[in-house]
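Dear colleague,

Please find below the structure that I am handing over to you. My findings follow it, arranged by topic.

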Amino acid sequence: MALKIVKGSIDRMFDKNLQDLVRGIRNHKEDEAKYISTCIDEIKQELKQDNIAVKANAVCKLTYLQMLGYDVSWAAFNIVEVMSSSKFTYKRIGYLAASQCFHESTDVIMLTTNQIRKDLSSPNQYDTGVALTGLSCFVTPDLARDLANDIMTLMSHTKPYIRKKAVLIMYKVFLKYPESLRPAFPRLKEKLEDPDPGVQSAAVNVICELARRNPKNYLSLAPLFFKLMTSSTNNWVLIKIIKLFGALTPLEPRLGKKLIEPLTNLIHSTSAMSLLYECVNTVIAVLISLSSGMPNHSASIQLCVQKLRILIEDSDQNLKYLGLLAMSKILKTHPKSVQSHKDLILQCLDDKDESIRLRALDLLYGMVSKKNLMEIVKKLMLHVDKAEGTTYRDELLTKIIDICSQSNYQYITNFEWYISILVELTRLEGTRHGHLIASQMLDVAIRVKAIRAFAVAQMATLLDNAHLLTGNTQRNGICEVLYAAAWICGEFSEHLENPMQTLEAMLRPKVATLPGHIQAVYVQNSAKLFATVLKSQEGDTDSTTTQEASQLMIDRLPLFVQSANLEVQERASCILQLVKYIQKLQQKDVEVAEEVCALFAGELNPVAPKAQKKVPVPEGLDLDAWINEPPSESESEDEQPKAIFTKEEPKHSRPRHTEVDEKELARRREARKQEQANNPFYIKASPSSQKVYQDTSGVEHIPVVQIDLSVPLKVPGGLPMSDQYVKLEEERRQKVRAEKKKKEKKKRKEKRSGRGRKHDSGPESEEDIAPAHMVDIVTEEMPENALPSDDDERDPSDPHKALDIDLDKPLADNEKLPVRSHRAVEAQKSPVEDGERENAASQEPKKKSSKDKKEKKKDKDRDRKKSKEEKKKKKHKHEEKEEDLLGGQMEEPVVQSEETSEVAALPTSSSAEEVATVAAAEAAPAPGAPSVTAPDSEPDEPKDTEMEPKSSKHKKKKQKKEKEDKEKKKKKHHHHHRHSDAGGEESVQNGTVEEEEPLPPMSNYCLLAENSYIKMMKEDADEVCDIQGNLQDGSQVVVSVIFENKCESFLKSMEFNVLDSLNSKLQRPEGSGPHDGLVVPFQLPPGVSNEARFVFTVQSIVMPQKLKGTLTFIVKNEDSSTHEKLDFKLHFTCTSYLITTPCYSDAFAKLLESGDLKSSSIRLEGVNMPFHHLLARICFHHHFSVVERIDSCASMYSRSIQGHHVCLLVKTSAQTVSIDAKCDEPTLLGNVLDEIKQTFSQC
Amino acid sequence: MIKAILIFNNHGKPRLSKFYEHYNEDTEQQIIRETFHLVSKRDENVCNFLEGGMLIGGSDYKLIYRHYATLYFVFCVDSSESELGILDLIQVFVETLDKCFENVCELDLIFHVDKVHHILAEMVMGGMVLETNMNEIITQVDAQNKMEKSEAGIAGAPARAVSAVKNMNLPEMPRNINIGDISIKVPNLPSFK
């Protein structure tokens, strides 16, 4: 053996390990790819070997290659293999590889569930830690659902190392499986006060992440956090909490008021910059949330601004950056306080650090006013000139435009200045924001009517100098500006001084190099210009100009007719034909100008960007409905070839088509207008019908343009420089100010009171600056009945949306975490379900039926538990008291949750689904139909037995397990919404559940024995037992026992032994003596529970039996280990030999008629429960199924594992229940009836 | 939340990449390249924050990085993390590496990327800060290494011997190189606390 190991390791010591691989790659710099591909081949070979060490080494190398960008998903299965190695070394390699390359769509992930679960409960804390770390990277919704409960258990692990990891990973689990949030939250909250600072910090971390997304749900935690904030000294925790408060205060202003003081104190006291910074941030958030204007808060603002100024002035660039960042938050609500630091911020614009400059730019956005806009923009323009590197320059450009255009050009007093700024910006080379500038130009020209003349003049110059801009013809390059220029010149051509010149500029051959969409605009607008030229020459006797114009058009347009761009071509050919026609008319001296102008009559109004979206859909209009019957596919295929030919035709014929006479054109135009006017969906561009202010007569509605003549409309000397405007503006302002002062003096003389402080406070305040143009900024049009709301909905794909869960509501029953568990007892099956049961192994149960069943189960579980508790008290004085039971079970997560559900006691028939899984707690999932669970340990507890209908199926547990695995897998495929290992596979519909009334939960498990060796080391072990009869051969019973370690020490070497009776024997492995114990196949670290199963053979089943047993184990802690033992009694009741077997009523009748059965009867007095509860109890505790039920009378059936039929007729009247029973074995019947009686005597 | 942790050298060669969100390998490489491009062109004396690239993050995310000798340590984080806190975390990370590797240099990271991962796993888990106390981190890392060693036991001995021999003969074994300029000098930064 040892030799083999050594040999194995000698073999592999010549394998390449990670270091060799890295070294090799470094030595093959020139043919790295080739070298790596040979390495990958080697790795593939290594992965084929059986030696796990070799595999792990290969996987380790793959992890490295993954970092270099190689896809290693093909090795996913090998990674899983390495993960499941028992050695920590390899396990860690496997989990690391998995965390690097697994993701949600990795299909082998679902194979890892059990492995991870095993690792999570490993006695070695580092196995658990490594599994948690790995899981945090690749957790999927399925894993989250399946492991949520295991992880939740780990949150109370004794080792803080595990606790903190478990707490952190819960966040990932919540994200993937939001249903787990509510059940896990109480424990998470508990961890906020964990003694270990690491765990505490982890809990704070998780809650902060949660609260950041859905703050309102966490307001109730504010007091707890407040306490933590004032008590904690851990800066990490403090920062998180303070950040959290920043998110909470906007929702609860009162919280903000409370926070100010402690935060201010922290600001004054802390030496950690990070903490100081976060405090300032949160104070800002608080101040934003509070209604401003409270005097004491201005002090806080001052404090913040002061501290931030210190940060900004710091030589540490990081602090400077953060200071600016925080400053921009204050800016939103308290711009005044920030504006006083303008100097500092402008200074930051000169910083060599781009991040800082960008932040400063952000701040500038909020700092502009009418007064300083020009000055600031001037400064920015300087930076634009200086800026090297297009990114920053583009950023500057957009900022300039943002700053100027913000809130509807609020701060622009002189639009001529703005236009000239835009024109100056066009001189930037290589910018990618041509489109932005263009849209600004269009926007301003369209909306500011007073500026049009000036804008047109500027644009004409631009067009004239177009060659300067066409250098960069890439999309969205600066040439986009020409689009705007051409359009503005065309549309507002009446303002052009020399339209002929501009027309010439627009038809230069060079234009053909521009992008298609710009050419199209050129062509279209050249036609508009042409119309203007015609109009301007109207009435002139000399027609040379017009003829020149026509000739120019006819000469130049053919260039565009040849354009490859369809739009250009189409427009050019239309216009060319039109011009040719006009030329003919001109030659006949016909006056055409009027008609040509009519083509372009009407004003275009700006339309709000969202206008289209806001048009309400009229009632009765279904946009998704087909207008015509959808064509069949074959049809469309047939038509395809035809379309090719028909398409080409119009192309050739188009030029001819355009010779439509002018009147016809006008007529069509009119008709179209009419149609548009009547069409409610058309956003009208014509001023005709809709809004009053568009009417030429309605101009009064607009704050009318009063042109201040102190500003000349033209600035002498070539291209206007924006700077000149600045100068002019200053002069103008001074003048205005002087005038105002004069006036004011007068006023003061007249009226003593004066006008308040405003004028005294500063040399010049906002209100003083009258805009140069009283500008009419045309508002954008909206459809008439626009929908008012356009709140931005939250992104529906946001994973955090699912976590928007009210955490204060008490837990409902259906919210329990799914727990790995036994399929619980099946009480009864209706005939309908029986058929389904046949193939239950392969079939997913119908949801409804499984739900019903589970609900029923739950009820029974609870009842059973209660009765158990009481029975225990009575009959077994040596057993622990009821409280102990409760206490003991509290330790166990499963049972605990069940307890809570009982407390909550709000089961609704639909919500009980989950509880069933909980109730059936903790044991490994039992197989499909064949298995039987019998909660037992109490003397008179029934042992649930259940026979598989098809006895052909396997006998051994192992087989069952295989099957169950299969089923599990299947379930995963189905993505069952609940983790229903609990045995959802058997859908048993119980008649009783038809009732609407919820049934109380019932439990399968009961305390078997518990001890508390207080004298020793407070060690106690707890056994909860669940007996399953597995009696295909009529004599086998399986007992499931959950062992839970309640003490602080490690439990190992557990041995389970039972004193065999003549009738019942524990099945022991071959070769062992009749008195040997069975070794429990696991060890128990502190706080961990696990389950083992034991098989018994039973001879006779007509009598109940008791077995005495002992559990011995070693308690091991750091310095010592001791042997301990625990006695218990196993009780096999008669009903536990019964199997819920469905029976058809006709078969039932036949059975009764056969006369083979002996009868017996009992009466139960004072039974005070609804009839369906009663039936449910009988079904659950005694494994009967309802055959038929008529009002308060029901027939029930069950069968023993040895084939005895048991029939019941249950009747109830008032509080008396009478049960008539028949069975072919009177002793059995007597015992069963006794047991039933006992069950009811206790409720 | 931390979205990604990247370590690459002055030439953009990745030395460690840890993504807490899934990207395919190509995107990962692209992110590394882009991040390197952003970070490498920055001067030494500018701030350590960077509004991220296009690929990773978006407006809520920031790149926070530190440059040590030949290596860049870059964390991509969202707004729930404190910027200065993360800077300090990077410092803790590097100091921990320095302790664990005894005068860490780039070559340590090159040849023992797995160990670096394991150290990192004790600090950050699933994108959230797990532990910031260096002593605690080192204790856990050491304990795990000890386990690894005890598991290797006798069986591991031959392999260790061979790798020792291999390393001896090779000129590029980390320690034989003049590491004066590559060794990461851990400056004493103003403490976070």
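**Findings**

B:Thr70 is placed in the loop of chain B that runs between strand S4 (62–68) and strand S5 (71–77). Please bear in mind that this is a predicted model. Is B:Thr70 buried or exposed? Its relative accessibility is 15%, and because the cut-off for a buried residue is under 20%, B:Thr70 counts as buried. The side chain of B:Thr70 is joined to that of B:Glu106 by a polar contact of 2.9 Å.

**The interface of chains A and B**

Contact between the two chains involves 72 residues of chain A and 69 residues of chain B. Together they bury an area of about 6600 Å², and carbon and sulfur atoms give 55% of that area. Which three residues supply more than any other three of the area that chain A buries against chain B? They are A:Met67, A:Arg92 and A:Trp236, with 12% of that area.

Between chain A and chain B there are eight salt bridges. One salt bridge between the chains brings together the side chains of A:Lys165 and B:Glu122, at 3.8 Å from N to O. The residue pairs in polar contact between chain A and chain B number 35, counting pairs with both residues at pLDDT 80 or more. On the side of chain A that touches chain B, the residues comprise 33 nonpolar, 20 polar and 19 charged.

**A:Arg452**

A:Arg452 belongs to helix H26 of chain A, which covers residues 452–464. This arginine has a relative accessibility of 7% and therefore counts as buried. Apart from neighbours within four places in sequence, the residues in contact with A:Arg452 are A:Ala445, A:Ile446, A:Phe492, A:His495 and A:Glu603.

**Helix H46 of chain A**

Helix H46 of chain A consists of 16 residues, 1226–1241. At 1.5 Å a residue the helix should span 22 Å, and the C-alpha atoms at its ends are 22 Å apart, so the two values agree.

Which residues of H46(A) are buried? They are A:Leu1228, A:Leu1229, A:Asn1231, A:Val1232, A:Leu1233, A:Glu1235, A:Ile1236, A:Thr1239 and A:Phe1240. In an α-helix there are 3.6 residues a turn, so residues three or four places apart point the same way. The elements of chain A that cover the buried residues of H46(A) include helix H45 (1171–1182) and the strands S12 (1138–1139), S13 (1158–1164), S15 (1193–1200), S16 (1205–1213) and S17 (1216–1223).

With kind regards

Technical notes. Residues numbered from 1 in each chain as written. Chains lettered and ligands numbered in written order. Predicted model: local features only at pLDDT ≥ 70, side-chain atom pairs only at ≥ 80, totals over all residues. Heavy atoms only, no water. Contact = heavy atoms within 4.5 Å. Buried area = accessible area lost by both parts, 1.4 Å probe. Salt bridge = Lys/Arg side-chain N within 4 Å of Asp/Glu carboxyl O. Polar contact = N/O pair within 3.5 Å; in protein donor to acceptor, adjacent residues only side chain to side chain. Nonpolar A, V, L, I, M, F, W, Y, C, P; charged D, E, K, R; others polar. Helix = DSSP H or I, 4+ residues; strand = E, 2+ residues; numbered from the N terminus. Expected span 1.5 Å × (residues − 1). Buried < 20%, exposed > 50% of the residue type's maximum accessible area, 1.4 Å probe, protein only.
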